[in-house]
Amino acid sequence: MIISLLSGIVVVLSGCGVISGSEAGQRLERDKADAADQLRMLIDLGARQMEAGGTITVKLQGELINHASFVQAREAAQQLASAIGLTEVREDQLHGNDVYHAEGVIGGIQTALNWAVTPDGNSYVRVMLTEERPDKVEWLTALQQQVQTEMAALGIKADWNASMQGYAGQTAAVHETIAQVERELSPMLHFQQVENYEDVTTISRSYNVPDLPLHVMSGRQPIQMQIAVHEDSINKWNRITIGFPVITVEY
């Protein structure tokens with residue numbers, strides 16, 4: 001796919017033909033609705049398993065292949081930041097690439113934008129939303145949808161993932177805790193374990209969940225959900241993390 005950004009006009013060309021504006025708009029609205037529904041489900045599932053105060057992290061990311069100058073990339077980063085409610089964009093260096101960064105609190109939700117530019121002018125964009133109050137789900141889904149809209153306006157197809165993390169309500173071995181989580185989720189979701197990792201203090205499992213539309217591929221297997229349980233070495237309580245479709249935070 002080739003995406004060009006010139007004077008604020010976005011042109012999207014695909015090897016399968018040009019997607020009409022109405023089709024692209026309908027697809028975006030479906031993606032936003034699916035994302036909001038899955039985020040609400042994740043928060044509901046997490047709230048059932050974790051003590052109050054679980055942390056929700058949503059990451060939206062995509063790339064812009066347009067060979068823009070650094071000035072154009074900075075202007076686009078500032079445009080996105082302003083559109084979602086952030087202000088000053090700072091310039092940093094990360095792994096030899098220029099990175100434009102902005103962060104702040106929007107509607108009580110910690111929001112961070114990173115816009116990385118490679119030497120050939122391509123951009124990799126990530127917006128991360130973090131919230132520690134599950135009861136603010138509607139604020140979070142509204143901001144998630146706004147970010148998807150504004151990224152799409154710049155020609156960026158935003159893939160997303162979300163995780164909810166908190167502590168189990170009772171002390172048990174990690175394998176007992178993850179078994180309990182699976183038992184409590186089974187009436188609400190049909191899932192099949194695809195991958196498993198474990199050591200003395202951690203178990204992580206990935207699942208095929210046909211009811212969930214968002215997935216990543218592991219070999220030939222689609223994965224829509226990941227669950228991890230880790231025994232905190234300091235307080236000895238088990239920390240539960242549930243991710244759609246995978247966990248991208250430390251567990």
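The legends below describe close-up views of a predicted model.

**View 1. The length of helix 2, residues 70-84.** Helix 2 has 15 residues, and at 1.5 Å a residue these should span 21 Å. Just after the helix comes G85, which has a positive phi of about 105°.

**View 2. The buried and exposed sides of helix 2.** The buried residues of this helix include A73, A76, A77, L80, A81 and I84. They cover an arc of only 135° around the axis, and therefore sit on the same side of helix 2. In general, an α-helix has 3.6 residues a turn, so residues three or four places apart point the same way. V71 and E75 are exposed, on the face of helix 2 turned away from its buried side.

**View 3. The largest nonpolar core.** This core is made up of 55 residues. Those with the most contacts inside it are V58, L80, W115, M151 and M225. Helix 2 supplies the largest share of the core, six residues. L80 is also one of the buried residues of helix 2 shown in the previous view.

**View 4. The hairpin of strand 9 and strand 10.** Strand 9 covers residues 192-198 and strand 10 covers residues 202-208. The two strands run antiparallel and are joined by six bridges. Three residues lie between them in the hairpin. Across the pair, Y197 stands opposite S204 of strand 10.

Note on methods
Residues are numbered from 1 along each chain as its sequence is written. This is a predicted model: local features need pLDDT of at least 70, side-chain atom pairs count only at pLDDT 80 or more; totals for chains, interfaces and linings use all residues. Side-chain values use heavy atoms; hydrogens and water are left out. Helices (H or I, at least four residues) and strands (E, at least two) are DSSP runs, numbered from the N terminus. The expected span of a helix is 1.5 Å times one less than its number of residues. Buried means under 20% relative accessible area, exposed over 50%, partly exposed in between (1.4 Å probe, protein chains only). The arc is that of the directions from the helix axis to the C-beta atoms. Two strands pair if DSSP finds at least two bridges between them. A nonpolar core is a set of buried Ala, Val, Leu, Ile, Met, Phe, Trp, Tyr and Cys residues joined through side-chain atoms within 4.5 Å.
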